[in-house]
Amino acid sequence: MTHQPLTTSFNNSLRLREQPAGVEKPADHKTRLRSAGLRPTVQRLALSRLLFGKGDRHVSAEALHAEAREAGLTMSLSTVYNTLNQFAEAGLLREIAVQGPRTYFHTRTSPHHHFMDEATGRMFDVADGSIEFARLPAPPEGMEIVGCDVIIRIRPKKG
């Protein structure tokens with residue numbers, strides 16, 4: 001599939017004046033970015049509104065790029081990738097590498113584990129406290145364990 005550029009500008013793309021209760025205001029997005037040490041550029045603000053305006057969720061760069069296009073935003077897929085990686089490095093998102101080049105980003109950054117539906121590619125959280133470890137292996141010399149991510153692959157039962 002080829003991606004055709006849109007002619008809509010960023011200024012007219014997201015109208016946040018009529019947001020329902022509970023949805024962040026534009027100033028909240030600027031504050032979030034600045035607090036994370038990121039300059040609130042037009043692209044970062046637009047993607048922040050899309051990412052954090054819909055609650056806790058898992059998203060791939062391709063899915064967010066499609067959302068941006070549907071919202072009338074004009075930006076390349078590489079801009080979306082770069083922004084997601086910048087958000088993850090700044091601690092705003094949690095990066096979840098699933099398999100090969102497939103990566104998801106999660107708005108919930110606290111430690112937790114995931115189910116991955118192999119049939120649909122959908123990812124969702126495992127209930128907190130439902131996975132227990134008796135022991136983790138010792139890390140290699142000079143290294144320390146900073147986290148442990150479990151991805152439980154699931155699919156519909158056959159028959």
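Which residue in E3 is the bridge partner of Arg94? In the predicted model described here, local features require pLDDT of at least 70 and side-chain atom pairs count only at pLDDT 80 or more, whereas totals for chains, interfaces and linings use all residues. Residues are numbered from 1 along each chain as its sequence is written, and side-chain values use heavy atoms, with hydrogens and water left out. The bridge partner of Arg94 in E3 is His106.

The secondary structure of the protein chain consists of four helices and six strands, where helices (H or I, at least four residues) and strands (E, at least two) are DSSP runs numbered from the N terminus. Along the sequence these elements follow the pattern α-α-β-α-α-β-β-β-β-β. Of the 159 residues of the protein chain, 32% count as buried, a class defined by under 20% relative accessible area, with exposed meaning over 50% and partly exposed lying in between (1.4 Å probe, protein chains only). The chain exposes about 10500 Å², of which carbon and sulfur atoms supply 50%; accessible areas come from the Shrake-Rupley method with a 1.4 Å probe, and for residues only the protein chains shown count as cover. Among the contacts (heavy atoms within 4.5 Å) in the protein chain with a separation of 6 or more, 48% are between residues 24 or more positions apart.

Three strands form an open sheet in the order E1-E3-E2 with antiparallel pairing, two strands being paired if DSSP finds at least two bridges between them. Strand E1 (58-59) and strand E2 (94-99) are the edge strands, each pairing on one side only. The antiparallel pairing of E2 with strand E3 (residues 102-106) extends over five bridges.

In soluble globular proteins, nonpolar side chains tend to be buried together. When residues up to four places away in sequence are not counted, Leu64 touches Leu47, Leu50, Leu51, Arg57, Val59, Val80 and Leu84.

A search of the whole structure finds five salt bridges, each being a side-chain nitrogen of Lys or Arg within 4 Å of a carboxyl oxygen of Asp or Glu. One of them joins the side chains of Glu67 and Arg57 (2.9 Å, N to O); because Glu67 lies in helix H3 and Arg57 in the loop between H2 and E1, the pair ties together parts that are ten residues apart in sequence. Both Glu67 and Arg57 are buried.

Arg108 forms a salt bridge with Asp125, the closest N and O atoms being 3.2 Å apart, and this pair links distant parts of the chain, with Asp125 in strand E5 (residues 123-125) and Arg108 in the loop between E3 and strand E4 (114-117), 17 residues apart. Arg108 also forms a salt bridge with Asp128, with the closest N and O atoms 2.8 Å apart. Asp128 lies in the loop between E5 and strand E6 (151-154) and Arg108 in the loop between E3 and E4, so this pair ties together parts that are 20 residues apart in sequence. Asp128 counts as exposed, at 56% relative accessibility. Elsewhere, salt bridges that share partners join Lys54, Arg57 and Glu67 into one network.
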